[in-house]
Amino acid sequence: MAEQLGSLARTHTCGALRPADVGQNAVLLGWVHRVRDLGSLLFLDVRDRHGLTQVIVEGDDALLERTKRLRSEFVVAVLGEVERRSPDTINLGLPTGEVEVRAKEVRILNEAKTPPFSIAEDMNVSEETRLKYRYLDLRRPQLQHNIGLRHRITMALRKYFDENGFYEIETPILTKSTPEGARDFLVPSRVHPGEFYALPQSPQIFKQILMIAGFDRYVQIARCFRDEALRADRQLEFTQVDLEMSFATPPLVFEIVEGALAACFKEIGVEVPLPFRRMQYAEAIAKYGSDKPDLRFGMEIQDFGPLFADSPFGIFREAVAHGGTIRGFVIPGAAKFSRREVDELVEQAKALGAAGLIYARHTAEGVQASAKAIGEEGIRKVLDAAGGAKEDLLVLASGAADAASKVLGQLRLQVAKKQNLIPEGKWELTWVTDFPLFDWNSDEKRWDSVNHPFTAPREEDLPMLESDPGKVLAKAYDVILNGWELGGGSIRIHDRDTQAKVFSLLGMSEEDAKNRFGFFLESLEYGTPPHGGLALGLDRICALLAGETSIREVIPFPKTTQAVDLMCDAPSTVDPRQLRELHIKNT
């Protein structure tokens with residue numbers, strides 16, 4: 001039977017006691033982490049989110065007998081005196097490892113069933129089990145550390161933005177469906193049959209309206225919702241650090257965001273150099289095959305097309321003649337790869353969409369390429385141009401420039417991970433800028449927004465909106481960390497005519513644009529300042545700074561990749577009466 005806490009009040013957390021506290025009485029409240037029963041002597045480690053303290057029970061037979069009932073995860077209150085541990089039992093790996101508490105009283109506040117996995121040990125537990133018993137999983141020290149780090153990062157961001165003149169303003173959760181990109185989550189209205197609210201994918205329109213309203217610096221730790229496929233870096237509901245500024249320019253946005261991220265890094269004791277590197281989208285695609293390049297290692301993609309314009313190797317020569325190119329990168333130390341290892345590389349490239357992969361390297365007998373038709377002179381030329389050492393392997397792919405780079409970019413990452421070429425503890429932050437404004441949708445024969453339809457084109461590209469939309473570049477920017485997109489934003493369109501023109505290019509009729517965005521278009525007619533901003537993914541920031549590879553490790557109650565909450569058993573069916581009240585019929 002559970003005992004009552006009564007008048008006992010915690011005097012110290014389980015991570016607080018130090019040698020200076022020796023001789024004091026302490027009350028610890030927490031969970032039993034581990035029990036070691038030595039007969040006439042019993043040790044128990046008591047844990048809370050602050051740490052762990054060793055408690056010793058001996059000398060009092062009645063107390064010893066009662067505490068022998070203790071098992072892992074029982075909730076206890078311990079009253080005792082702080083003592084210094086003997087020199088041979090000091091645990092320097094524990095902040096409280098120089099002291100222990102000699103118990104005078106132990107109250108069992110609640111018992112616990114045997115957990116389905118050990119909290120005390122770092123066991124390999126299936127994700128399904130962890131998420132089903134998330135309340136137990138969250139007791140594990142690593143997750144408690146991660147959630148604590150998330151709190152500190154959030155508080156650091158709030159402090160930073162307050163010091164820089166931002167107002168934290170909440171925007172609606174129940175809003176209008178304006179689908180663009182991912183699917184909206186819809187909420188049926190009970191009082192307006194047949195009509196629906198939508199949960200926001202972002203506060204985009206509202207934060208722009210706040211600029212029109214005169215709140216020139218806005219920020220929000222915003223909950224957002226997207227009905228999309230889940231990955232390691234995506235969830236149905238997520239948190240973003242949303243900000244917007246009036247009279248903003250890209251350099252001003254960069255300065256503010258760099259300061260915010262520097263404040264986050266300080267929470268893990270890292271000082272990041274400012275300003276961040278900047279790279280145009282076209283360069284990122286050409287050199288790294290990705291708009292979120294991982295810059296922690298080399299292996300940049302190079303263009304060798306001119307070397308093969310007159311090559312005896314017909315496949316490469318024809319590719320260049322028809323407007324394509326030959327691109328490749330050097331893998332350090334890979335000249336020693338066996339035939340099997342090289343064949344695996346070729347198959348990897350094919351799986352990523354390449355028609356094939358050609359390799360070249362130095363050997364004891366001279367130079368060698370998998371396509372002998374290139375000729376010895378051609379092989380030497382390309383190896384010299386690549387700048388690799390004799391121990392390196394050059395891989396080449398042909399095709400349209402961007403397509404070849406994107407395949408090679410994925411292969412570059414796979415090879416770097418497999419060959420352990422990515423240095424630990426390195427942080428590479430960069431801005432990727434000057435994205436295309438539009439992407440041609442060949443299925444629907446219209447343009448799509450690369451970012452979103454409120455992104456402003458560069459001033460010098462405005463004349464091409466009607467004549468050549470595909471060449472228009474956006475005043476858009478993403479901030480990238482170690483190959484992860486931390487956030488993206490842009491300078492916004494702030495005049496009605498340009499906004500209406502962009503809607504039209506996206507295939508929206510005037511009536512459709514009015515139905516979806518009429519209130520916003522009208523607001524642009526009432527003195528809208530130039531403005532811009534960005535949204536940072538708080539979950540991604542926290543995951544990377546915690547050293548995790550999945551945002552699920554920094555979210556208290558995440559969904560599975562099948563969009564299921566295993567702990568709550570959601571989604572689930574509802575009472576038919578609820579559906580009738582909402583005028584919904586299951587078919």
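Helices here are DSSP runs of H or I that cover at least four residues, numbered from the N terminus. Keep in mind that every view shows a predicted model.

**View 1. Val253 sits inside helix 6.** This helix covers residues 250-266, and Val253 is part of it. Val253 has a relative accessible area of 0%, so it counts as buried. Leaving aside neighbours within four places in sequence, its contacts are Met245, Ala248, Tyr477, Gly533 and Leu534. Leu383 is another matter: its C-alpha atom is 42 Å from that of Val253, and the two residues are 130 apart along the chain.

**View 2. Ile173, Leu174 and Tyr197 make a nonpolar surface patch.** The patch comes to about 250 Å². Leu174 belongs to the loop between strand 6 (167-168) and strand 7 (185-188), and with a relative accessible area of 45% it is partly exposed.

**View 3. Tyr133 and Tyr135 form an edge-to-face pair.** The structure has 17 aromatic pairs. In this one, the ring centres are 6.3 Å apart and the planes meet at 80°.

**View 4. Phe503 and Phe517 are stacked.** Here the centres are 4.9 Å apart, with the planes at 15°. Phe503 is in helix 13 (residues 496-505) and Phe517 in helix 14 (residues 510-523), so the pair ties together parts 14 residues apart in sequence. Phe503 is buried, at 1% relative accessibility, and Phe517 is buried at 1%. Ring pairs also link these two with Phe454 and Phe520 in a cluster.

Methods. Residues numbered from 1 in each chain as written. Predicted model: local features only at pLDDT ≥ 70, side-chain atom pairs only at ≥ 80, totals over all residues. Heavy atoms only, no water. Helix = DSSP H or I, 4+ residues; strand = E, 2+ residues; numbered from the N terminus. Buried < 20%, exposed > 50% of the residue type's maximum accessible area, 1.4 Å probe, protein only. Contact = heavy atoms within 4.5 Å. Patch = residues over 30% accessible without salt bridge, like charges linked within 9 Å, V, L, I, M, F, W, Y side chains within 5 Å. Areas by Shrake-Rupley, 256 points an atom, 1.4 Å probe, with all protein chains shown as cover. Salt bridge = Lys/Arg side-chain N within 4 Å of Asp/Glu carboxyl O. Phe/Tyr/Trp six-rings, centres within 6.5 Å; stacked < 30°, edge-to-face > 60°.
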